[in-house]
Amino acid sequence: MWRIVKATGITVFLLACSAQDIKEKKISVKILILAGVLLPAMSLLFDEMPGTERLYGMLPGMTAFLLALLTKEGIGYGDAAVLAILGTAVSGRSLFGALVRGLILLSICSMILLAGKRVNRKTTLPFLPFLSAGMLWQVLSDSV
């Protein structure tokens, strides 16, 4: 039962963030705070993931925060916050897999858009829709 609740919460969180990222190119602090409290709390109460695994899960988010700082927000702080929040609820391996899969999908989409001359190399694309798709891909591959 917990797995269904967890998967539903993560899905709703990612879809809300993705829609806002596409529309406004930013993520609501209210959504981040709500998910940042609920997902870790529910995970601590109901999940049997060890504490060290939670710390490993937060590494992609912490790395993204560092990269956001170093690249003057070439990677957004909202993306980093979403990764850090997800890291408290899923294993580091799953989150890293979702991140890599999201980057692969973003790269493919970018190449198609560039080849079709719909964008140029300075165009920014929202990352969270691709992270959401990467997370779905990861979940499906984990369950097979």
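Leaving aside neighbours within four places in sequence, which residues is Gln138 in contact with? Before you click, two notes: this is a predicted model, where local features need pLDDT of at least 70, side-chain atom pairs count only at pLDDT 80 or more, and totals for chains, interfaces and linings use all residues. Residues are numbered from 1 along each chain as its sequence is written, and side-chain values use heavy atoms, with hydrogens and water left out.

**Stop 1: Gln138.** Now select Gln138 and show its surroundings: the contacts (heavy atoms within 4.5 Å) are Arg93, Ser94, Gly97, Ala98 and Arg101. Gln138 counts as buried because its relative accessibility is 3%; the cut-offs are under 20% relative accessible area for buried, over 50% for exposed, and partly exposed in between, with a 1.4 Å probe and protein chains only.

**Stop 2: helix H6.** Gln138 sits in H6, so widen the selection to residues 128–143. Helices here are DSSP runs (H or I, at least four residues), numbered from the N terminus. H6 has 16 residues and spans 22 Å from first C-alpha to last, close to the 22 Å expected at 1.5 Å a residue; that expectation is 1.5 Å times one less than the number of residues. Colour the buried ones, among them Leu128, Phe130, Leu131 and Met135. Their cover includes helix H1 (2–24), helix H4 (77–87) and H5.

**Stop 3: Arg93 and Asp142.** Show these two side chains: they form a salt bridge, with the closest N and O atoms 3.5 Å apart. The term stands for a side-chain nitrogen of Lys or Arg within 4 Å of a carboxyl oxygen of Asp or Glu. The pair ties helix H5 to helix H6 across 49 residues. Arg93 is exposed because its relative accessible area is 58%, while Asp142, at 36%, is partly exposed.

**Stop 4: Lys6 and Asp47.** The structure holds 2 salt bridges, and here Lys6 meets Asp47 at 2.9 Å, N to O. Lys6 is in helix H1 and Asp47 in the loop between helix H2 (29–46) and helix H3 (51–70), 41 residues apart. Both are buried.

Stop 5: Helix H5 (residues 92–115) gives the most, 6 residues.

Conventions. Helix = DSSP H or I, 4+ residues; strand = E, 2+ residues; numbered from the N terminus.
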